Amino acid sequence: MLDFLGDLRRTHTCGALRASDAGQTAVLMGWVNRRRDFGNLVFIDVRDRTGITQIVCDKESNPALHAKAGELRNEYVIATVGKVKLREPNTINKNIPTGEVELIAEELRILNEAKQPPFLPSDTVLPNEELRLQYRYIDLRRDAMQRNIELRHKVAIAIRDYLSAQGFFEIETPFMTRSTPEGARDYLVPSRVQPGSFYALPQSPQLFKQILMISGFDRYFQIVRCFRDEDLRADRQPEFTQIDLEMSYPQPERVWEVVEGFLTAGFKAGGYEIKPPFPRMDYDEAIRLYGIDKPDLRLPAFTPVRDCFAPENLETLGVHPGLPVIAIRTPKVGELSRKERDEIKTMFHTKGGAKLFEDFKRLEKSFPDATAKVREKAGAAAADLIVLVTGSTQSGELKSPGVRKVSPQELAIYASAGLLRVALAQKYSGRHGCFQPGDFRFLWVTNFPMFEYDETEQRWNAAHHPFTSPHEQDMDKLESDPAAVRALAYDVVLNGTELGSGSIRIHRQDIQRKIFHALGLTEAEAKSRFGFFLEALEYGTPPHGGIALGLDRIVMILAGADSLREVIPFPKTARAVDLMVDAPTPVSEAQLKELGIQVSKN
């Protein structure tokens, strides 16, 4: 028979008792983590989110209580009253903070039973992720998940406190707004009172936070839920939390200072000290040195080594005469077997005629002088792995460079090399030791291209979003040479992960109209999509800018987790399914009829 809690009040959490509490009466409540029966003595480990305390039930002193303890099973919810007692020296458990004491039970109440769960919070071997997500309420009881959620809370509080102290107002923006299809797909919400019309869940509070600057609030922030109907990855969820902020009258550097400040506070809450200011790098330089706009600075940059080879060597190797030769160095990999070298080929995703030389030892036999120069220029030790990426003679005639001052063929080489650099580092992470806990390498990547050309649609798209301001010096190129226009956009990157993206915004209606025109939007289309915003720009809009950072990604990195699902209480699977509540699900015909919606079975 179950007991009622009645007027019994908890005096301590299960992780609170220490040797200094010996002799006190304590009331503990929590889950049964483990029960051990030794005849006259039953030992119960009772657990809550703060820790574990051992309870002792003695048959000689309290037979009824001892018998009741025998009924307990894992995950039963109990309350117990007893005296705190020091353990004998040879029974102290040094693995837990409460290990010097135990509670001698005088009263035991069974507050609820529990079915045998599909796995236990104390299990050292985890079940598959789908089972964990289906029984998320059990999974969240595990120590690791409790720590991650606590970490998330502490980081969010630290960031909120910092921004508040800097004069930012936390202001909520609507979840139900209009669809402005830019970038990812919107989640749509049908309106019952306006049949045939839909709200959209926000991908970002972008326009609202800009309107708050027009409204005179000067400094806004929000730790806000956002929604994107896009394909998922380990670092992407359909609903996510971002740290969103906007400021009036800033230079980009002022936004960076604020971000560095709240990240310093957030990481300190997570137990780490970081030191701003963060280094800065132009987008063009990031591509040339790392082949990617979110470089991991823990790993060596590319080394250009074309000049290490004689022209006849390059001709023999089938290297294009006008394209770079890039050395990728991965530290401390050691000797590779033939099979392992062949595996490198499968990791290489060639783009636009990029060519891989994965067997550097073979090159050393054929070109000893050139490869010795490569090793010296790359700063390679004997145990370092070197592979070369270049363009083949099949790459064709070099095309015009454009905005990045490199040809499309060169960009293809950098992109292929960048992907391989990361893949090699991950493959051999157990050997090179470059990925150490607490080694945080931040970077600001700046001066992104304003536009990207869509070959399929044969038109220019906004590389960031259409409210990003171009550089003042590039305004005259908006129509004549869109590829050469640089954006006042910036990303903050940590260890190869983009934490956040932001920009200085367009505050003048004439420039905003020029951007829409460059993107191929007619006046009517621009008014249909953004008319309310264009009108707002007519009423005295101050210069402004901001950024949004992913809270989930920040906590994932701090926790040392491999997936966002480890730091989000109730995440979706890679198929965007919530296995615990079984969502999404079909709805009734009556609900659809009320909304005026018919569902196609195709």
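**View 1. Residue classes in the lining of the second largest pocket.** This lining has 15 nonpolar, nine polar and nine charged residues; Ala, Val, Leu, Ile, Met, Phe, Trp, Tyr, Cys and Pro count as nonpolar, Asp, Glu, Lys and Arg as charged, and the others, Gly among them, as polar. The model is predicted, so local features need pLDDT of at least 70 and side-chain atom pairs pLDDT 80 or more, while totals for chains, interfaces and linings use all residues. Residues are numbered from 1 along each chain as its sequence is written, and side-chain values use heavy atoms, without hydrogens and water.

View 2. A pocket is an open set of points, on a 1 Å grid over the protein atoms alone, where a 1.4 Å probe fits, with protein on both sides within 12 Å along at least five of seven lines; lining residues have an atom within 4 Å of a point. The second largest pocket holds about 960 Å³ of space, the volume being that filled by probe spheres set on the points, which are joined across faces, edges and corners. Of its 33 lining residues, Asp 296, Arg 298, Gln 426, Asn 495 and Thr 497 lie nearest the centre. Helix α12 gives the most to the lining, with six residues; helices are DSSP runs (H or I, at least four residues), numbered from the N terminus.

**View 3. An aromatic cluster.** Phe 267, Tyr 272, Phe 278, Phe 440 and Phe 442 form one aromatic cluster. The structure holds 19 aromatic pairs, in which ring centres of Phe, Tyr or Trp (its six-membered ring) lie within 6.5 Å.

Technical notes. Helix = DSSP H or I, 4+ residues; strand = E, 2+ residues; numbered from the N terminus. Phe/Tyr/Trp six-rings, centres within 6.5 Å; stacked < 30°, edge-to-face > 60°.
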